[in-house]
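Visitor: Please take a close look at the pockets of this protein. I would like to know what lines them and which parts of the chain they draw on.

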Amino acid sequence: SESAKKISVCPVLATKNLGFYFDHRLSMDDQINHISQICYLNLRNIRRIGARLTHDLKVQLVHAHILSMIDYCNSSYAHITEKNLHKLQKIQNNAVRFIFKLTGKRKWTSISPYLKELHFLPVVYRVKFKTALLVFKCINNLAPKYLCDLISVRDTKRISVRLDNDFFLLKIPSKSNFSRTEAAFIYNGPRTWNSLPYSIRCKADILEFKVHLKTHYFNLAFSETC
(Lines give C-alpha, C1' and ligand atoms only; values in the text may rest on other atoms or scores of the structure.)
Protein backbone atom coordinates (compact mmCIF):
# COMPACT_ATOMS: atom_id res chain seq x y z
CA SER A 1 0.00 0.00 0.00
CA GLU A 2 0.95 3.66 -0.31
CA SER A 3 1.27 4.05 3.48
CA ALA A 4 3.68 1.13 3.69
CA LYS A 5 5.90 2.65 1.02
CA LYS A 6 6.31 5.81 3.12
CA ILE A 7 7.64 3.89 6.15
CA SER A 8 11.38 4.24 6.54
CA VAL A 9 13.44 1.79 8.59
CA CYS A 10 16.61 3.13 10.15
CA PRO A 11 19.24 0.71 11.48
CA VAL A 12 20.39 1.17 15.07
CA LEU A 13 23.30 -0.25 17.06
CA ALA A 14 21.05 -1.49 19.88
CA THR A 15 17.34 -1.95 20.52
CA LYS A 16 15.14 -2.91 23.46
CA ASN A 17 12.50 -5.64 23.44
CA LEU A 18 10.57 -6.78 26.53
CA GLY A 19 13.11 -5.04 28.74
CA PHE A 20 16.09 -6.78 27.12
CA TYR A 21 18.73 -4.92 25.09
CA PHE A 22 20.05 -6.45 21.88
CA ASP A 23 23.11 -4.93 20.25
CA HIS A 24 24.02 -5.35 16.60
CA ARG A 25 26.74 -7.90 17.43
CA LEU A 26 24.66 -9.85 19.98
CA SER A 27 27.52 -9.45 22.44
CA MET A 28 25.05 -8.58 25.25
CA ASP A 29 27.30 -5.66 26.24
CA ASP A 30 24.43 -3.16 26.33
CA GLN A 31 22.21 -5.54 28.30
CA ILE A 32 24.90 -6.30 30.89
CA ASN A 33 25.71 -2.61 31.31
CA HIS A 34 22.01 -1.85 31.74
CA ILE A 35 21.61 -4.60 34.36
CA SER A 36 24.71 -3.39 36.20
CA GLN A 37 23.40 0.16 36.36
CA ILE A 38 20.01 -0.88 37.74
CA CYS A 39 21.39 -3.40 40.23
CA TYR A 40 23.95 -1.00 41.72
CA LEU A 41 21.25 1.67 42.02
CA ASN A 42 18.94 -0.78 43.79
CA LEU A 43 21.74 -1.98 46.04
CA ARG A 44 22.65 1.59 46.99
CA ASN A 45 19.03 2.30 47.93
CA ILE A 46 18.78 -0.88 49.99
CA ARG A 47 22.01 -0.03 51.83
CA ARG A 48 20.44 3.20 53.06
CA ILE A 49 18.05 1.20 55.25
CA GLY A 50 20.37 -1.75 55.81
CA ALA A 51 20.95 -0.94 59.49
CA ARG A 52 17.22 -1.38 60.16
CA LEU A 53 16.86 -4.68 58.32
CA THR A 54 17.14 -8.20 59.68
CA HIS A 55 19.23 -10.82 57.90
CA ASP A 56 16.16 -12.50 56.39
CA LEU A 57 14.77 -9.20 55.11
CA LYS A 58 18.10 -8.42 53.45
CA VAL A 59 18.02 -11.77 51.67
CA GLN A 60 14.45 -11.15 50.48
CA LEU A 61 15.32 -7.70 49.15
CA VAL A 62 18.40 -9.03 47.34
CA HIS A 63 16.24 -11.72 45.73
CA ALA A 64 13.62 -9.17 44.68
CA HIS A 65 15.82 -6.34 43.44
CA ILE A 66 19.19 -7.87 42.52
CA LEU A 67 18.98 -11.57 41.66
CA SER A 68 15.70 -11.11 39.79
CA MET A 69 17.48 -8.66 37.48
CA ILE A 70 20.46 -10.95 36.98
CA ASP A 71 18.20 -13.93 36.25
CA TYR A 72 15.89 -12.18 33.80
CA CYS A 73 16.31 -13.89 30.41
CA ASN A 74 19.70 -15.13 31.61
CA SER A 75 19.58 -18.20 29.38
CA SER A 76 20.59 -15.69 26.69
CA TYR A 77 23.89 -15.18 28.51
CA ALA A 78 25.37 -18.44 27.29
CA HIS A 79 28.87 -17.86 25.90
CA ILE A 80 29.04 -14.20 26.95
CA THR A 81 32.55 -12.87 27.42
CA GLU A 82 34.45 -13.42 30.66
CA LYS A 83 34.38 -9.66 31.16
CA ASN A 84 30.57 -9.53 31.11
CA LEU A 85 30.30 -12.65 33.25
CA HIS A 86 32.62 -11.04 35.79
CA LYS A 87 30.41 -7.93 35.86
CA LEU A 88 27.36 -10.00 36.78
CA GLN A 89 29.25 -12.05 39.36
CA LYS A 90 30.60 -8.85 40.92
CA ILE A 91 27.04 -7.60 41.38
CA GLN A 92 26.06 -10.80 43.18
CA ASN A 93 29.19 -10.67 45.33
CA ASN A 94 28.44 -7.09 46.40
CA ALA A 95 24.89 -8.09 47.31
CA VAL A 96 26.22 -10.93 49.47
CA ARG A 97 28.67 -8.54 51.18
CA PHE A 98 25.71 -6.30 51.99
CA ILE A 99 23.78 -9.19 53.55
CA PHE A 100 26.67 -10.25 55.80
CA LYS A 101 28.02 -6.72 56.45
CA LEU A 102 31.38 -7.53 54.91
CA THR A 103 32.98 -4.10 55.13
CA GLY A 104 36.47 -2.84 55.91
CA LYS A 105 39.06 -5.61 55.98
CA ARG A 106 36.29 -8.24 55.74
CA LYS A 107 35.41 -6.84 52.31
CA TRP A 108 38.25 -8.87 50.80
CA THR A 109 37.15 -12.14 52.43
CA SER A 110 36.43 -15.01 50.02
CA ILE A 111 32.80 -14.81 48.98
CA SER A 112 32.30 -18.54 48.24
CA PRO A 113 31.50 -19.64 51.83
CA TYR A 114 28.82 -16.94 52.07
CA LEU A 115 27.29 -17.87 48.71
CA LYS A 116 27.20 -21.45 49.92
CA GLU A 117 25.54 -20.47 53.20
CA LEU A 118 22.83 -18.56 51.33
CA HIS A 119 22.42 -21.37 48.78
CA PHE A 120 23.07 -18.86 45.98
CA LEU A 121 24.34 -20.39 42.76
CA PRO A 122 27.16 -18.39 41.12
CA VAL A 123 26.08 -16.57 37.97
CA VAL A 124 27.58 -19.07 35.53
CA TYR A 125 25.56 -21.88 37.11
CA ARG A 126 22.42 -19.74 37.29
CA VAL A 127 22.65 -19.44 33.50
CA LYS A 128 23.07 -23.21 33.11
CA PHE A 129 20.18 -23.83 35.52
CA LYS A 130 17.81 -21.61 33.53
CA THR A 131 18.90 -23.20 30.23
CA ALA A 132 18.40 -26.75 31.52
CA LEU A 133 15.01 -25.82 32.98
CA LEU A 134 13.93 -24.33 29.66
CA VAL A 135 14.95 -27.53 27.87
CA PHE A 136 12.94 -29.57 30.39
CA LYS A 137 9.87 -27.45 29.64
CA CYS A 138 10.39 -27.96 25.91
CA ILE A 139 10.64 -31.73 26.28
CA ASN A 140 7.48 -31.83 28.40
CA ASN A 141 5.53 -29.38 26.19
CA LEU A 142 5.50 -26.67 28.86
CA ALA A 143 7.25 -24.10 26.68
CA PRO A 144 6.06 -22.19 23.58
CA LYS A 145 5.91 -24.26 20.39
CA TYR A 146 8.61 -22.23 18.63
CA LEU A 147 11.05 -23.33 21.35
CA CYS A 148 9.79 -26.92 21.56
CA ASP A 149 10.40 -27.30 17.82
CA LEU A 150 14.11 -26.60 18.40
CA ILE A 151 14.53 -29.60 20.70
CA SER A 152 14.40 -33.27 19.67
CA VAL A 153 15.38 -36.45 21.50
CA ARG A 154 18.16 -38.47 19.93
CA ASP A 155 17.04 -41.81 18.50
CA THR A 156 18.30 -45.03 20.08
CA LYS A 157 18.53 -48.37 18.34
CA ARG A 158 16.17 -51.18 19.34
CA ILE A 159 19.09 -53.47 19.99
CA SER A 160 21.65 -51.48 21.89
CA VAL A 161 24.38 -52.11 24.40
CA ARG A 162 24.20 -48.57 25.70
CA LEU A 163 24.24 -47.88 29.42
CA ASP A 164 21.33 -46.06 31.07
CA ASN A 165 23.43 -42.90 31.14
CA ASP A 166 23.36 -42.83 27.31
CA PHE A 167 19.56 -42.71 27.02
CA PHE A 168 17.31 -39.66 26.82
CA LEU A 169 19.90 -37.45 25.18
CA LEU A 170 19.11 -34.68 22.71
CA LYS A 171 20.24 -34.13 19.16
CA ILE A 172 22.88 -31.45 18.72
CA PRO A 173 22.87 -29.81 15.26
CA SER A 174 26.00 -29.84 13.16
CA LYS A 175 28.57 -27.28 14.22
CA SER A 176 27.96 -23.85 12.75
CA ASN A 177 30.55 -21.92 10.79
CA PHE A 178 29.93 -18.91 13.03
CA SER A 179 31.15 -19.03 16.63
CA ARG A 180 28.41 -16.63 17.77
CA THR A 181 25.77 -19.15 16.64
CA GLU A 182 27.03 -21.69 19.19
CA ALA A 183 25.33 -19.60 21.89
CA ALA A 184 21.90 -20.09 20.29
CA PHE A 185 19.39 -22.19 22.23
CA ILE A 186 19.25 -24.83 19.50
CA TYR A 187 22.94 -25.57 20.18
CA ASN A 188 23.46 -24.59 23.81
CA GLY A 189 20.23 -26.15 25.08
CA PRO A 190 20.93 -29.75 24.04
CA ARG A 191 24.59 -29.41 25.02
CA THR A 192 23.66 -28.28 28.53
CA TRP A 193 21.01 -30.99 28.85
CA ASN A 194 23.29 -33.79 27.68
CA SER A 195 25.88 -32.83 30.30
CA LEU A 196 23.41 -33.62 33.10
CA PRO A 197 23.42 -37.01 34.83
CA TYR A 198 20.75 -39.46 33.68
CA SER A 199 19.20 -39.42 37.17
CA ILE A 200 18.24 -35.78 36.54
CA ARG A 201 17.36 -36.03 32.85
CA CYS A 202 14.80 -38.77 33.55
CA LYS A 203 12.76 -36.67 36.01
CA ALA A 204 9.16 -36.06 34.96
CA ASP A 205 7.97 -33.69 37.69
CA ILE A 206 9.18 -30.11 37.27
CA LEU A 207 9.49 -29.38 40.99
CA GLU A 208 11.52 -32.53 41.56
CA PHE A 209 13.65 -31.71 38.52
CA LYS A 210 14.41 -28.19 39.81
CA VAL A 211 15.43 -29.47 43.25
CA HIS A 212 17.81 -32.10 41.86
CA LEU A 213 19.13 -29.71 39.20
CA LYS A 214 20.02 -27.03 41.74
CA THR A 215 21.64 -29.63 44.01
CA HIS A 216 23.73 -30.86 41.07
CA TYR A 217 24.97 -27.39 40.12
CA PHE A 218 25.41 -26.44 43.78
CA ASN A 219 27.73 -29.41 44.27
CA LEU A 220 29.67 -28.51 41.13
CA ALA A 221 30.00 -24.87 42.15
CA PHE A 222 31.23 -25.53 45.67
CA SER A 223 32.97 -28.88 45.32
CA GLU A 224 36.36 -27.22 45.89
CA THR A 225 35.23 -25.67 49.15
CA CYS A 226 33.57 -28.80 50.57
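Guide: Read along the sequence, the chain runs α-β-β-α-α-α-α-α-α-α-α-α, that is, ten helices and two strands. Helices (H or I, at least four residues) and strands (E, at least two) are DSSP runs, numbered from the N terminus. This is a predicted model, in which local features need pLDDT of at least 70 and side-chain atom pairs count only at pLDDT 80 or more, while totals for chains, interfaces and linings use all residues. Residues are numbered from 1 along each chain as its sequence is written, and side-chain values use heavy atoms, with hydrogens and water left out.

Of the 226 residues, 37% count as buried, meaning under 20% relative accessible area with a 1.4 Å probe, protein chains only. The C-alpha trace spans about 65 × 65 × 30 Å along its principal axes.

Now the pockets. Rolling a probe the size of a water molecule over the atoms shows where empty space is left. Here a pocket is an open set of points on a 1 Å grid over the protein atoms alone, where a 1.4 Å probe fits, with protein on both sides within 12 Å along at least five of seven lines; lining residues have an atom within 4 Å of a point. A volume is the space filled by probe spheres set on the points, which are joined across faces, edges and corners.

The largest pocket holds about 780 Å³. Its lining has 28 residues, and Phe22, Met28, Cys73, Ser75 and Ser76 lie nearest the centre. Two or more lining residues come from each of strand S2 (20-23), helix H6 (123-139), helix H7 (145-148) and helix H8 (185-194). H6 gives the most, with three. By type, the lining has 16 nonpolar, ten polar and two charged residues; Ala, Val, Leu, Ile, Met, Phe, Trp, Tyr, Cys and Pro count as nonpolar, Asp, Glu, Lys and Arg as charged, and the others, Gly among them, as polar.

The second largest pocket holds about 300 Å³. It is lined by 15 residues, with Ala78, His79, Val124, Lys128 and Asn188 closest to its centre. H4, H6 and H8 each give two or more residues to this lining, and H6 gives the most, with four. Seven of the lining residues are nonpolar, five polar and three charged.

Note on methods. Buried < 20%, exposed > 50% of the residue type's maximum accessible area, 1.4 Å probe, protein only.
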